[in-house]
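Please look through the sequence and the three-dimensional structure shown below before reading on. The briefing that follows takes the strands, the helices, the core and a few loop residues in turn.

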Amino acid sequence: MSYCTISVDVDSFDSLLKFHGLNKDRFGDYDPVYKKAVPRFIELFDEFGIKATFFVVGEDCLRLPNRTIIRNIVSRGHEIANHSLNHKFAFSMLPREIKMKDIVESTRIIGDASGYMPVGFRAPGYDVDEVTIDLLDKMGYLYDSSLYKFIIYPLIRRASYLRSKQILRSQMLKNLQKEIKETIVSPMHIYRPMAGKFWRKGEDRNIFEVPVSIMPFLGFPFNTTFLFLFGPKFFDLGFWLTRKYNMNLNYNFHSTDMISSDCDKIFLKHPGLNIDLLTKQSLFRRILKEITKYYKCLTLESFCQIESQSKKVSGGEGTSLDR
Ligand SMILES: [Zn+2]
């Protein structure tokens, strides 16, 4: 049986505006992420009977109307996981104490809003590092799902941070070589990260890392951002390769995928925002139809629990779940 974990990075509207160097004040209380995008995703997943994981930002959970929506997500059987306190950029470059404060605080707020403690984490911008994994493991998190094995992504990420003035020019090359090396050598499948070297497989930690899927062999991502750039055939290629290599799929969407300039009047140069909503929804239906035809979809939490059980049964050797 092959599994597919589908997740939505519910990037806050604030972080989107910050990324584009815009002031939030001109939008007032308007929050298209929770008012529009999240309900649209719930409806879409319901249509296919999919239980997904929603990575939410802690500070978004403090707003009363959002808390109702979060409870609604939970009541439909989806998982709420942690996408940091306020989606700080360059997360891996933050000092350990700031990271700890961020994770502790966001865990508490998200737990309070959803009614249960989150067990999964995804770093903003997939910007994960050894310290973050160490903190999550010590806090009892079941999994992290931030590893994104696209070799040039560390460079793309830094360039976007620099463009949006989130880092200094002098920080552009800091740890870059190391990050690229880690990206290359890290596993493609779910694994327990080695203590001290999170990008390597080891058995001395309890936490799992579930890398975001990329195309086996070719190494390109085929999530929605790339779909908007290269069209649906790009998904077909990635999906075909994933099936050919008998791999599980960890596929992710972003909150902005369900927002469109045409009906939501947000005019930003952001991937997919210029495509009208109906076109995007039909594209997503096409993808989910294919996925549900061949894969059993479940939340990341359930997937990691199954993996954990199978490791116990087989004495730590794992099973063929991820092959
Ligand atoms: Zn994000």
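Is Asn223 buried or exposed, judged by the other C-beta atoms within 10 Å? Asn223 is buried, because 22 other C-beta atoms lie within 10 Å, and the rule is that a residue is buried if 20 or more other C-beta atoms lie within 10 Å of its own, exposed if 12 or fewer, and partly exposed in between, with C-beta atoms placed from the backbone. This is a predicted model, in which local features need pLDDT of at least 70 and side-chain atom pairs count only at pLDDT 80 or more, while totals for chains, interfaces and linings use all residues. Residues are numbered from 1 along each chain as its sequence is written. Helices (H or I, at least four residues) and strands (E, at least two) are DSSP runs, numbered from the N terminus.

**Strand 2 and its neighbours**

- Strand 2 covers residues 53–56, with Thr53 and Phe55 pointing one way and Phe54 and Val56 the other way, and all of them are buried.
- Strand 1 (residues 3–10) runs parallel to strand 2 and is joined to it by four bridges, where two strands count as paired if DSSP finds at least two bridges between them.
- Strand 3 (residues 79–82) is also parallel to strand 2, and four bridges join these two strands.
- Strand 2, helix 3 (residues 64–75) and strand 3 together make a right-handed β-α-β unit, right-handed meaning that, with the strands pointing away from the viewer, the path from the first strand over the helix to the second runs clockwise.

**The nonpolar core**

- The largest nonpolar core has 69 residues, of which Val10, Phe54, Val56, Tyr143 and Ile291 touch the most other members; such a core is a set of buried Ala, Val, Leu, Ile, Met, Phe, Trp, Tyr and Cys residues joined through C-beta atoms within 7 Å.
- Helix 2 (residues 32–48) gives the largest share of this core, which is six residues.
- Val56 touches Val10, Cys61, Ile70, Ile80, His83 and Ile110, not counting residues up to four places away in sequence, and two residues are in contact if their C-beta atoms, placed from the backbone, lie within 7 Å.
- In soluble globular proteins, nonpolar side chains tend to be buried together.

- Helix 9 (residues 232–244) has 13 residues and reaches 18 Å from its first C-alpha to its last, close to the 18 Å expected at 1.5 Å a residue, where the expected span is 1.5 Å times one less than the number of residues.
- The buried residues of helix 9 are Phe235, Gly238, Phe239 and Thr242. They lie on the same side of helix 9 because they cover an arc of only 95 degrees around the axis, the arc being that of the directions from the helix axis to the C-beta atoms.
- On the other side of helix 9, Lys233 and Lys244 are exposed, whereas the buried residues pack against helix 8 (224–230), strand 9 (249–254) and helix 11 (277–294).
- In helix 5 (residues 130–138), Thr132, Ile133, Leu136 and Asp137 are the buried residues. They cover an arc of only 130 degrees around the axis, so they sit on the same side of helix 5.
- Among the elements that cover the buried residues of helix 5 are helix 4, strand 4 (120–121) and strand 5 (143–144).
- An α-helix has 3.6 residues a turn, so residues three or four places apart point the same way.

**Turns and loops**

- Strand 6 (residues 193–194) and strand 7 (residues 197–201) pair in the antiparallel sense over two bridges, and they form a hairpin with two residues between them, where Gly196 in the turn has a positive phi of about 90 degrees.
- His87 has a positive phi of about 55 degrees although it is not a glycine, and His87 lies in the loop between strand 3 and helix 4 (96–114).
- Phe217, which is likewise not a glycine, has a positive phi of about 75 degrees, and Phe217 is exposed, with 9 other C-beta atoms within 10 Å.
- Asn223 is found in the loop between strand 8 and helix 8, and Asn223 touches Tyr251 and Asn252, not counting residues up to four places away in sequence.
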